[in-house]
Each structure stands twice: as structure tokens, then as C-alpha cells.
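Please keep the model open while reading the numbered points.

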Amino acid sequence: MLIGKLPDIPSSAMTPKALYLDRRRFMRGAAALGAAAAGVARMIDLVSPGTTAHADTKLETVKSPLSTTGEPLTSYEDITHYNNFYEFGVNKGDPAQNAGGLPTRPWTVKVTGQVKKPKTFDIDALLKLRPLEERVYRHRCVEAWSMVVPWVGYSLSEFIKECEPLSKAKYVQFLSYYNSKVEKWAGQTTIYWPYSEGLRMDEAMNPLALLTFGLYGEVLPNQDGAPVRVVLPWKYGFKSAKSIVEVRFVEKQPSTTWNDMASNEYGFYSNVNPTVDHPRWSQKTERRVGLPFYAQRRPTLMFNGYGDQVASLYNGMDLKKNY
């Protein structure tokens, strides 16, 4: 369901997540009384396509002092049904409809490049590597909409330490899962697959950079980048690579998908910056998904409001040139 169909309903007025999940369980039970097993599966998929595989999988978390405070959370419904994940469609509702076939188990993440020794991490081992924190972050899309999301994970720096990068490693590149037999729209776009993103090493080591496994206390739904992604709250959302299968440590700035496709629109850094407009729209304001129409529009914050934590990374840089 596209959020554009419900412009006047705030997140706070939507069905609470616990009740939402209880309603789904009730509908499953009702379907089972009068349907064969195949029919039940279809009924579940119609209730919440693309999310059912993980709906009941809880994660043990601790609260993080790095959370954004004072802003209402965007509803679980909006976070899981208003997505950019072009492998599964170019419209906001497509990933929820199409990502159910993403195979998230078994799953491994390869580590290659300038490291002491190449490694491969199993997803379950990564989940246990460090205590999982719940971090509420503002999420800002380059298309000038935003959310407030309770992500679950731990600092990317903790993972990087386990990778043992060499001193030559100046950048980190992330490659996403790609399989044209699974990804519904992969052959209908001109995007270069697999999806690639990258960070300077000091950006990746910043405590705010989050290796992310879940949201709202549960494992990530497929359409939100299951089973592991990064979240970089001071950058536009496309920098936060989803469904990661390989991490490369490299000496030179790596190729990244959107920067390669349209470098005049999507810079390598892509820090949230209200003074640098996208060529086709202003970045001075944003629309907060899920709020009433009259309350959605708000000023864009430099670095998405995380300047105290990250501005020093860019001392001396021209952030209009290095957009």
C-alpha cells in the first residue's frame, strides 16, 4: 500500500504495531480453518506481502545513547511499505510486493581486498558478534522525504575491526545481493547491478554508522534490506546499502551505483545538505512520511541533524563541490 493514499493519517493515529501483528495472526488462524495449506500461504502473502517471513522473529536489544530523541516514530506499516529498493521495483510499494523471494537464509558476507586475510561471515555469526542496540535515527531520502526509524544493530566500526583492514585500506565498498531470477525488475532498468556503495574509512568508523539487522525489535523485512544492511543517518538514504553480500576494503574511491549512473545528481559523499539542491528539486525542505498533510513539510537539517557527530569528518572540504 502506498502511503500517498493516506495523507491525512499521522503515524501516531495508525494501528499500533503490536495490534497490527496480532491482527495478522488472527487472519492467519481464520484462513487456516477453511483453506488448504497453499491457500493459507497465499492469504498470508496478501495480508502483508514480503514481510511475513520475519514478522515473529524477535531480536534482543539494548537501548543506545546514540538514538535521536523527541520525535515520534514512523509507523511499522509505513517503514515496510514505502521503500526504495530498485531491484524489486521502481515504485514505493513494489518492494513490499516483490521482495518476498529474497533468500535470506543461508546468508554470508565476504570480506575481500586490503585486509590481513579474506574472510567470510555467516549472518548468524554477525548477529552474535556484538550486543544489538536499538537506535532511533532520522532517515532522509534524496527525494526529499524522511522517516524516524528504530533500527537494530551495532556500530559498523565493530565489524570493520573484525575484518582487520590493512593501512592501505582508505575506503570501504559494499555490494548488494543480485540474482536476476529473484529480483523482479532487474532486467527492466538501466541500473548497473549488483548495487554498489562506498564510504571513506573514517566515515565508516564513525560510531553513528550502523551495521543493521532489524527494525522495531525484529529482523529486517526483505524490502528494508534483509538480512543485513548499513544505515548512515547523516547521508541520503541511497548511501545505506541493503542486503549486503560482500565488503571490499580498497585503496581508491570505489565505483558506486548512483554516482556512476548520474554523477551530476548523486555525489559520492551525498551528505544531507539543504544548501545543495538536486538538479530537479530543492533539498531545503523535506516531507515527513506518516504525518498529517499540514504537518509533513519541515526544514532540512544540515547532516540530517547529526552535525555535532560528523561535521569534523569534512573540515576543509567544499561541500558544494564534494556533494
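1. Basis. The model is predicted: local features need pLDDT of at least 70, side-chain atom pairs count only at pLDDT 80 or more, and totals for chains, interfaces and linings use all residues. Residues are numbered from 1 along each chain as its sequence is written, and side-chain values use heavy atoms, with hydrogens and water left out.

2. Nonpolar cores. A nonpolar core is a set of buried Ala, Val, Leu, Ile, Met, Phe, Trp, Tyr and Cys residues joined through side-chain atoms within 4.5 Å; buried means under 20% relative accessible area, exposed over 50%, and partly exposed in between, with a 1.4 Å probe and protein chains only. The largest such core has 65 residues, and those with the most contacts inside it are Leu156, Phe159, Phe174, Phe213, Trp234 and Phe249. Its largest share, 6 residues, is supplied by strand 5 (residues 145-155); helices (H or I, at least four residues) and strands (E, at least two) are DSSP runs numbered from the N terminus. Apart from this core lies another, of 10 residues, including Trp193, Trp258, Tyr266 and Val272.

3. Phe174. Contact here means heavy atoms within 4.5 Å. Leaving aside neighbours within four places in sequence, Phe174 is in contact with Leu156, Tyr195, Ser196, Glu197, Leu199, Val230, Ala241, Ile244, Glu246 and Val247.

4. Strand 8. How many residues of strand 8 (residues 210-215) are buried? The count is 6 of the 6, so the strand is largely enclosed by the rest of the structure. Two strands pair if DSSP finds at least two bridges between them. Strand 8 pairs with strand 5 in the antiparallel sense over 5 bridges, and Leu211 in strand 8 stands opposite Tyr154. Strand 8 also runs antiparallel to strand 10 (residues 229-231), joined by 3 bridges; there, Leu210 has Val231 as its bridge partner.

5. The hairpin. Strand 8 and strand 9 (residues 218-219) are antiparallel, with 2 bridges, and Leu215 is partnered by Glu218 in strand 9. These strands form a hairpin with 2 residues between them, and Tyr216 in the turn has a positive phi of about 50°.

6. Asn83. This residue is found in the loop between helix 3 (76-81) and helix 4 (94-98), and it is buried because its relative accessibility is 6%. A polar contact is a pair of N or O atoms within 3.5 Å; within protein, one must be able to donate a hydrogen and the other to accept it, and residues adjacent in sequence count only if both atoms are side-chain atoms. The side chain of Asn83 reaches the backbone oxygen of Ile79 at 2.8 Å and makes a polar contact with the side chain of Asp224 at 3.0 Å.

7. Backbone geometry. Most residues other than glycine have a negative phi, and most peptide bonds are trans. A cis peptide bond joins Arg105 and Pro106, with omega about -5°, and another cis bond runs from Trp193 to Pro194, with omega near 0°. Ser243, not a glycine, has a positive phi of about 45° and is buried at 1% relative accessibility. Ser270 has a positive phi of about 50° and is buried at 3% relative accessibility.
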